[in-house]
Amino acid sequence: MISWVSSMPNKFSVAFSYYFKNYYRSKSFYLMLALIIIISGIMSYFSFRYQSKINTFLDRFDSTTITTSLKSRALDYIWSFVLVDIPVYAAVFFGSPSISSEIEDRTAFHIFSLPVGRMTILSAKYAAAYAATVLISLIYIILEAIITIRIYGTIDMSSYLLSLMLTLIFIASVLAFTFFISSIFNRNIYAYITVLIIYFLVFNAVDVITSLLYSTTSPFLLNNAANIIMEVFVNINLFTFSPTISLSPASASKIFLAVAVMIIYLVASLAAATVLFENKEAK
Amino acid sequence: MNVFLKRLLIIAIALAVIAPAIYYAITLNNANQRQSDPLYYAPSDTNVLGYVNYNGTHFYVYANNRSYGLIFDTSSLSNVNFSRISSLMHGNGMNGSTFNSSSNFTSKTNISLYADYKDYSIYVIRNLSFAFIGLSITNQTLYLYESNGFIVLGNLNGIYESINATLSSRNAIGYSGYLNSSANVSMAVFNVGNKIVKSVYFNLTGNNLTGSIRFLNYTYESYFLSAISNMKGAKIISVHDFNVKFKLDIRSLISAYDLMGVLNAQ
Amino acid sequence: MNIAVNKVSKRYGDIQALTDISFEVEGNGCLVLLGPNGAGKTTLMKIMTNIIRPTSGEVRINGINVREDPGRALASVGSLIEQPEFYPYITGYEALMFTCMIKGLSQERCISEVNRVSGLTHCRDYLNRKTKEYSRGMKQRVGLAAALIGNPDIIILDEPTFGLDPNGMMEIREIILNLKNVKLIVLSTHLIYEAELLADHIGIIDHGHLIHFGPVEKDRYLEVRGRIRGTDLKLNGVDIINRDENRIILRKNSDIENWEIIKALESSGSSIETFDYYSVIEDLYRNSVSHSDAES
């Protein structure tokens, strides 16, 4: 037992580097990389081209004095507006086929018969997918900081770092969710479709319905919790029937709520994925 | 390890993290619900709902035939220092307290605890003299309570109805779409129960007032149209069935009451 | 080196894939699981290697339950189950290094191990290519190399010569013949010739039942063809299993020499055209499977 436990970290790191290689060499990774470069380029162009529009954007809301710091936060809000969907697509690429492909592509015959616990395999694969997604997202996030500093000469570092930290938590959460869905199926296509349907159709439908019925957003939906990534810059959420409009950053309680929701998804999804993966059979 | 035990352990650990996280999230969410929207404190059966943004101080107004109230978000106050009220209310010295001298409130104000109602403390302000946007109130007695950074100020019925609205979720959040928070003044009047109009909405930004009135019959609509077309600085935007949209420069009116006067005269 | 299969059953929905399979093998040698397609050989091997779980029963390798502690139970096992597949963007070399390091060997040791097994299975030439570019035979060789890596005491091979060219088949059989002197090998095949060549123990599986299990005494059975005369060889330690005018099958019960049997046959008036070891496995298989079919 002791030797088994002590060998786990070593086996984990071996499996992690193995899976990470398989991720970063994959077509999915290069496709995401190309997309992120294109999106970053477009965002950079628009940030320079239409920086005067930031003032117009701010004028629409409050008469609060428009400071450079507020402008930079508004720009970061716009960048983060795009950012919240990037981990979702990356997670769909890397997470959705993570477990189902073991069965569909028959790699499970080799992997499952190795002297390594399935929990180690799952956690290593999850960590590798997480690293690949973070790597992709970081390109965009770092460019966001560079462009903001370039335009305004400053960046609200505390909001930026907070947003970065929340992005990292969100990536962990959405990736865990895709792993869970993937562990249900033995075919990649079902996992892909289910993740997309749940995230973009079911979540949005529930959101619209609760917004209509109860005049509030559903804070317990992962996509709404993800909005905190942009709301830490400027607390604007116009995408519901009860919009939030404030040029102040989101309150601490709102941030904690979003983090709690993400952690709930993260832990519940990973636990469910682990139990399902433990029982997975390559028939 | 036994497979069943391993599965049990995973589920137990997950539940140990998730259960408190869910509890924490629900608690936070309930708190956020209260904090996030000022209209949460306005009762749903209100007839008049308004938003006023004056020199950086903004507040919401609600009223019906029994009650009225003003909702202030303490975090957004600049000219009026309501946080002092809040701190006083939570301290011991209730009597003889004063507002900040820089406020538009007179200094002769007494705040004292009036009653506890459903876990909220209601305070009474006697001899309140109040001057705000051409509106002046002298030696009035008003009541207030504070909840999650919001202060509701109004008559006693207004306070009770506000507290009940927060507890029963029968609040005015659903009406938020009628108000334009980028205007200086935005008002919505509906369910008034008279024979002339069904609803009135208007927004005041600077000196420009844009409004929309839905009449109950063509007679009063035609009176209004003839009146407004003769007013200096007024312009009709559209007429559709019983609905009239108009625009006017309030400098052409002595005060907002003139508009009502015009209507009453008709 | 011990594998104990204890009352293992496996059900897929309405299909009973395995029923109450029990056996135990110990020490070096080769156990061949023989049976027709779909008999349950691969299912049993998947249970032995934790790829699937039994509906009931258990498999213990060196006394450790495979299902409960696969990390320890499979530490001394190398396996090749079905057609092996590897992650597409990984090279064969990386797949072997991963397999080796997961078995707990150091990086230096793994480098020499990969070198050794890739030489043994003749896959060294294409190890640096990504596995998605491999042909079926290439994957089979790398899969076999992965099974042999780390020099495991127990090797479980599911149709290891499947997909290989004739040379490849011969090479693999040669490797197994060498290994079985020092390792415990469990191998499945539906080729009787292969089983005949490699088996020390034979398990015949049909319709999910283990219908025969036991050691193979292939050197004890003889088949003589020609013109057979006389009803008794008058030779102690030799039983006649089957005979007609052109063929006689004999079983040696003692260390009697073959030339003594030839001499006895000739003295009874028989003329011998061929004298060879008899394929007992084929006989066993034919009898067992036809019996099983009749019962089912």
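**View 1. Helix α4 of chain C covers residues 107-120.** This helix has 14 residues. From first C-alpha to last it reaches 20 Å, close to the 20 Å expected at 1.5 Å a residue. The expected span is 1.5 Å times one less than the number of residues. Helices (H or I, at least four residues) and strands (E, at least two) are DSSP runs, numbered from the N terminus. The model is predicted: local features need pLDDT of at least 70, side-chain atom pairs count only at pLDDT 80 or more, and totals for chains, interfaces and linings use all residues. Residues are numbered from 1 along each chain as its sequence is written, while chains are lettered from A and ligands numbered from 1 in the order in which they are written.

**View 2. α4(C) has a buried side and an exposed face.** C:C110, C:E113, C:V114, C:V117, C:S118 and C:L120 are buried. They cover an arc of only 150° around the axis, which puts them on the same side of α4(C). The arc is that of the directions from the helix axis to the C-beta atoms. A residue is buried if 20 or more other C-beta atoms lie within 10 Å of its own, exposed if 12 or fewer, and partly exposed in between; C-beta atoms are placed from the backbone. The buried residues of α4(C) pack against α3 (92-102), α5 (136-148) and α6 (166-179) of chain C. Turned away from that side are the exposed residues C:E108, C:S112 and C:G119. After α4(C) comes C:H122, with a positive phi near 55°.

**View 3. Four strands of chain C form an open sheet.** The strand order is β2-β1-β4-β5, with antiparallel pairing. Two strands pair if DSSP finds at least two bridges between them. At the edges lie β2 (15-26) and β5 (64-65) of chain C, each pairing on one side only. Helix α1 (residues 41-48) of chain C packs on the sheet and touches β1 (2-12), β2 and β4. Its direction makes about 120° with that of β1(C). Two bridges join β4(C), residues 56-61, to β5(C). In one of the pairs, C:R60 has C:N65 as its bridge partner.

**View 4. Strand β2 of chain B has bridges to β1(B) and to β3(B).** Five of the seven residues of β2(B), residues 57-63, are buried, so this strand is largely enclosed by the rest of the structure. Seven bridges join it to β1(B), residues 48-54, and the two run antiparallel. B:L49 has B:Y62 as its bridge partner. Five bridges join β2(B) to β3(B), residues 68-73, also antiparallel. Here B:Y60 stands opposite B:I71. β2(B) and β3(B) form a hairpin with four residues between them.

**View 5. Helix α4 of chain B covers residues 218-229.** Its twelve residues should span 16 Å at 1.5 Å a residue, and its end C-alpha atoms are 16 Å apart, which agrees. B:E221, B:F224 and B:I228 are buried.

**View 6. Chain A touches chain C.** 25 residues of chain A are in contact with 29 residues of chain C. Contact means that the C-beta atoms of two residues, placed from the backbone, lie within 7 Å. On the chain A side, α1 (2-24) and α7 (108-111) are the elements that give two or more residues. α1(A) gives the most, with eight residues.

Notes: Axes are lines fitted to C-alpha atoms, for helices over the stretch in contact, and angles run from 0 to 180 degrees between N-to-C directions.
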